[in-house]
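Colleague: I want to learn how to read an interface between two chains. Can we take one model and go feature by feature?

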Protein chains: 2
Amino acid sequence: HESIVEVCTGLVRSGVMNASRVEIEALANNIAMATTFWLNFEQIRPQIGSKTEPDLGRGIYQVMMLLAAYLREGERQHLNDLAESYLNP
Amino acid sequence: HESIVEVCTGLVRSGVMNASRVEIEALANNIAMATTFWLNFEQIRPQIGSKTEPDLGRGIYQVMMLLAAYLREGERQHLNDLAESYLNP
C-alpha cells in the first residue's frame with residue numbers, strides 16, 4: 001500500500017497523473033483489494049466456456065485499468081493498450 | 001454489472017463521464033469486485049484502534065472513488081466530497 005502511494009505521488013509530481021492525495025489513498029486501497037481478492041472474484045464469476053484455470057492475466061488487466069483512469073490522456077490510452085495485452089491471448 | 005455499464009454509458013453520453021467502452025467494462029468489474037469483497041478486505045486490514053464492527057461506509061466510499069476517477073473535473077470533485085461523508089463520522 002505504501003509503495004503504491006509512493007509511485008503515484010511520483011507520477012503526480014511529474015505531471016503524468018492527475019490525482020489528489022485522497023484519491024491516491026483510495027486508489028491504493030482499491031489496488032490492494034483487487035490484487036488480494038481477484039482470484040476469489042474469478043471463482044464466483046460465471047465462467048466463459050469450459051475454462052477452469054484462474055485467469056491471472058485478467059486480474060493484472062483490472063489493476064492496470066484502475067491506475068489508468070488517473071493518467072494523462074496519452075499515457076492513459078497507452079496503459080489501456082498495454083493492459084489489453086494481458087487479456088486471454 | 002449490466003446496470004453499472006448502463007448507468008456509465010448514460011453518463012458518457014451526457015458528457016459528465018469520460019470513459020471508453022472498454023474502460024466502462026473494466027470499471028463495472030472493479031465495482032462488482034469491490035462490492036462483493038469489501039467486507040473480506042476489511043477483515044484482513046490492520047484495524048485502527050479497537051474497532052471490531054465492519055466499516056460499510058468505507059466500502060461505499062471506495063466504490064464512489066472508483067467511479068469518480070472517470071468524471072469531469074467538477075463532478076469528480078463533487079463526488080469526492082460526497083464520498084468523504086461516508087467515511088467514519
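This is a predicted model: local features need pLDDT of at least 70, side-chain atom pairs count only at pLDDT 80 or more; totals for chains, interfaces and linings use all residues.

Colleague: Now the interface. What area is buried between chain A and chain B?

Modeller: The general idea comes first. Interface size is often quoted as the accessible area lost when the parts come together. Here, chain A and chain B bury about 2,400 Å² between them. Carbon and sulfur atoms give 57% of that area.

Colleague: How many residues does the contact take from each chain?

Modeller: It takes 28 residues from chain A and 28 residues from chain B. There are also 13 residue pairs in polar contact between chain A and chain B, counting pairs with both residues at pLDDT 80 or more.

Colleague: Which elements supply the side of chain A that touches chain B?

Modeller: Helices α2 (21-44), α3 (56-68) and α4 (73-84) of chain A each supply at least two residues of that side. α2(A) gives the most, with 14 residues. By class, the side of chain A that touches chain B holds 15 nonpolar, eight polar and five charged residues.

Colleague: Next, symmetry. What rotation superposes chain A on chain B?

Modeller: In general, two copies of a chain are related by a rotation about an axis and a shift along it. In this model the rotation is 180°, with 0.0 Å of shift along the axis, and chain A superposes on chain B with an RMSD of 0.0 Å. That is the relation of a two-fold axis. The same surface serves both copies, as 100% of the contact residues of chain A recur in chain B.

Colleague: Which residue of chain A comes closest to the rotation axis?

Modeller: A69(A) does, with its C-alpha at 3.0 Å.

Colleague: And aromatic pairs? How many are there over all chains?

Modeller: There are four aromatic pairs over all chains. Take F37(A) and F37(B): their ring centres are 5.1 Å apart and their planes stand at 5°, so the pair is stacked. F37(A) lies in helix α2 of chain A and F37(B) in helix α2 of chain B, so this pair joins two chains.

Colleague: Last, the charges. How many salt bridges does the structure hold over all chains?

Modeller: Side chains of opposite charge can pair when their charged atoms come close. The structure holds six salt bridges over all chains. Two salt bridges are counted between chain A and chain B. R76(A) and E23(B) meet in a salt bridge, at 2.7 Å from N to O.

Colleague: Which residue forms a salt bridge with E25(A)?

Modeller: R21(A) does, with the closest N and O atoms 3.8 Å apart. Both residues, E25(A) and R21(A), lie in helix α2 of chain A. They are four residues apart, about one turn of the helix.

Conventions. Residues are numbered from 1 along each chain as its sequence is written. Chains are lettered from A and ligands numbered from 1 in the order in which they are written. Side-chain values use heavy atoms; hydrogens and water are left out. Contact means heavy atoms within 4.5 Å. Buried area is the accessible area (1.4 Å probe) that two parts lose on being put together, summed over both. A salt bridge is a side-chain nitrogen of Lys or Arg within 4 Å of a carboxyl oxygen of Asp or Glu. A polar contact is a pair of N or O atoms within 3.5 Å; within protein, one must be able to donate a hydrogen and the other to accept it, and residues adjacent in sequence count only if both atoms are side-chain atoms. Ala, Val, Leu, Ile, Met, Phe, Trp, Tyr, Cys and Pro count as nonpolar, Asp, Glu, Lys and Arg as charged, and the others, Gly among them, as polar. Copies are superposed by least squares on the C-alpha atoms of residues with pLDDT of at least 70 in both. Rings of Phe, Tyr and Trp (its six-membered ring) pair if their centres lie within 6.5 Å; planes under 30 degrees apart count as stacked, over 60 as edge-to-face and the rest as tilted.
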